[in-house]
Amino acid sequence: MKSTKYTRRKFVCTSAAMSAAAPTLLSINLSHAKDLGKPALLGGEKAVAEQAPPWPIVQKLDEDKFLETLRSTGWCRLGNNVTTEFEKAWSSDLGVNHAIGMVNGTSALYSALYALGVGPGDEVIVPAYTFVASVNAILQQFALPVFADTDRQTFQIDVTTLEDRITEHTRCIMPVHLGGNTADMDEVLRIAAKHKIPVVEDACQAHFAEWRGRRVGGLGDAGCFSFQETKILPCGEGGACVTNSDDLYDKIHAFQNNGRDRKLGKPSEGYLHHGANLRMTEYQSALLLAQLTRLEEQCRHREENAHYLEELLKEIPGVRHAARYEGNTRNTYYLFMMHYDKSQFDDLPRSRFIEALRKEGVYVGGGYHYLNKHPFVEKMLHSRWYSNIYSKERIERYWKNNHCPENDKLSEEGLFMSQRHLLGSKSHVEQIAAAIRKVHAYAKALKA
Ligand SMILES: Cc1ncc(COP(=O)(O)O)c(C=O)c1O
């Protein structure tokens with residue numbers, strides 16, 4: 001397998017506008033980290049005095065839309081048109097031909113795979129650094145998840161490891177736009193076209209993110225979104241598939257509606273396909289229509305604060321934000337992703353760094369893990385079902401090649417900060433940077 005090479009890539013890391021403004025603010029807010037007193041974990045005051053805004057946000061419009069749907073008693077899309085209205089709005093906002101609401105992002109992913117004909121015996125290439133649902137959707141189809149390595153700079157799929165993974169069985173490539181950032185779609189689409197393999201974008205974390213000015217989700221054959229409560233467009237649980245293909249639209253539409261053909265009139269006459277009931281409820285759609293009115297403004301707010309924080313972090317050794325590819329024209333920051341270099345923190349373990357920051361009032365976590373080596377994947381691939389489908393030799397070959405060394409490293413050094421922090425004020429962002437500065441200054445004491 002090829003190793004990751006960063007030299008070929010171009011990254012854009014910060015906003016030019018912020019660079020000019022940051023130094024003055026830095027000297028005011030960060031140079032005297034010791035003045036902030038001891039870390040909260042050692043009995044000092046919290047650095048973050050202002051709470052991060054709550055999430056999800058509920059306003060009058062959410063209540064009105066929800067209650068209107070509730071009182072209409074049209075709770076299922078078969079007897080109402082709220083989901084259809086949301087689908088029109090979402091496809092129009094993304095600039096794609098079709099959107100299909102679903103119960104969640106996982107079902108959107110396996111519906112797209114199903115519609116593309118992915119099934120037992122097939123392989124789907126997926127990044128090793130992602131939420132478990134990307135992989136579960138592949139296992140749901142009894143296909144083999146083939147893990148591509150991770151580009152540690154961006155936290156995205158390492159496209160230089162893609163072609164090595166393609167075999168005669170590859171039926172789909174599933175890039176994940178992680179954290180509101182974007183995968184290198186030029187390369188994904190180029191390689192996919194060269195090998196005539198369809199692409200399903202897992203855009204579950206990347207609402208309104210852009211690649212060369214186009215919103216992600218509509219770049220591949222199909223794109224999938226999640227509207228789970230933590231997502232930047234939330235409705236509790238929810239999802240959508242988007243596509244420009246009329247054929248895929250018909251197939252996905254039928255699949256989520258018990259196999260009913262979209263074009264046939266009466267439901268009882270329309271059971272022409274295999275399917276499931278994955279229909280989005282009308283209250284989910286009502287909430288989404290309300291939340292959608294604020295999405296653009298919230299994305300702008302997060303971007304501005306994220307760029308500011310990126311500048312502030314440049315002054316703190318050992319914490320570095322995730323890079324963006326040159327083709328990324330918008331990161332909507334579902335997550336603020338960072339690298340932690342413990343050698344710059346007197347070898348303070350990442351877990352202790354996280355604990356200290358949480359005490360300061362910054363909600364951070366350690367990111368994703370070694371998904372390619374996870375016991376649940378191993379268990380599934382050694383199950384009776386998989387043994388019925390795949391030969392022993394094929395599974396052995398799979399394990400022999402299942403290595404993602406860069407992903408192993410990122411699993412040890414990644415940090416995720418919740419998007420809620422980016423919806424706060426500028427001074428909230430400064431307090432976050434001050435908290436990190438404080439932990440840096442007291443790293444030795446925190447380790448002891
Ligand atoms: C990258 C990714 N893929 C898929 C999903 C699945 O979405 P859901 O939780 O709505 O099923 C998520 C949700 O967290 C996700 O983050």
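## Two domains and where they meet

Domain bounds here come from an automatic or database domain assignment. For this chain, that assignment gives domain 1 as 11–55 + 294–367 + 410–447 and domain 2 as 60–291. Before going further: this is a predicted model, where local features need pLDDT of at least 70, side-chain atom pairs count only at pLDDT 80 or more, and totals for chains, interfaces and linings use all residues. Residues are numbered from 1 along each chain as its sequence is written.

The C-alpha centres of domain 1 and domain 2 sit 31 Å apart. Across the boundary, 23 residues of domain 1 are in contact with 26 residues of domain 2, contact being C-beta atoms, placed from the backbone, within 7 Å of each other. Sorted by class, the side of domain 1 that touches domain 2 has 11 nonpolar, eight polar and four charged residues. In that scheme, Ala, Val, Leu, Ile, Met, Phe, Trp, Tyr, Cys and Pro are nonpolar, Asp, Glu, Lys and Arg are charged, and the others, Gly among them, are polar.

## Helix α2

Helix α2 (residues 60–72) has 13 residues and spans 18 Å from its first C-alpha to its last, close to the 18 Å expected at 1.5 Å a residue; the expected span is 1.5 Å times one less than the number of residues. In α2, Asp 62, Lys 65 and Thr 69 are buried. A residue is called buried if 20 or more other C-beta atoms lie within 10 Å of its own, exposed if 12 or fewer do, and partly exposed in between, with C-beta atoms placed from the backbone. Looking down the axis of α2, the buried residues fall within an arc of 75°, so they line one face of the helix. That arc is taken over the directions from the helix axis to the C-beta atoms.

After the helix comes Thr 73, with a positive phi near 60°.

Strand β12 (residues 239–243) is mostly covered, with five of its five residues buried. Both faces are covered: Gly 239, Cys 241 and Thr 243 are buried on one side, Ala 240 and Val 242 on the other. Strand β2 (residues 98–102) pairs with β12 in the antiparallel sense over five bridges, and Ile 100 stands opposite Cys 241. Pairing here requires DSSP to find at least two bridges between the strands.

Strand β11 (residues 222–226) also runs antiparallel to β12, joined by five bridges. Along that pairing, Ala 222 is opposite Thr 243 and Gly 223 is opposite Val 242. In β11, five of five residues are buried, with Ala 222, Cys 224 and Ser 226 on one side and Gly 223 and Phe 225 on the other. β8 and β11 pair in the parallel sense over three bridges, and Val 200 has Ala 222 as its bridge partner in β11.

## An open sheet

Four strands form an open, antiparallel sheet in the order β13-β16-β18-β17. Its edge strands are β13 (319–321) and β17 (364–365), each pairing on one side only. Two bridges join β17 to the antiparallel strand β18 (residues 414–418), where Val 364 stands opposite Met 417.

A cis peptide bond joins Trp 55 and Pro 56, with omega about 0°. Pro 56 lies in the loop between α1 (16–29) and α2.

Then there are positive phi values at non-glycines. Lys 196 has a phi of about 55° and is found in the loop between α7 (185–195) and β8 (200–202). Lys 196 counts as exposed because it has 7 C-beta neighbours inside 10 Å. Tyr 333, with a phi of about 50°, lies in the loop between β15 and β16. Tyr 333 counts as buried because it has 29 C-beta neighbours inside 10 Å.

Key
Contact = placed C-beta atoms within 7 Å.
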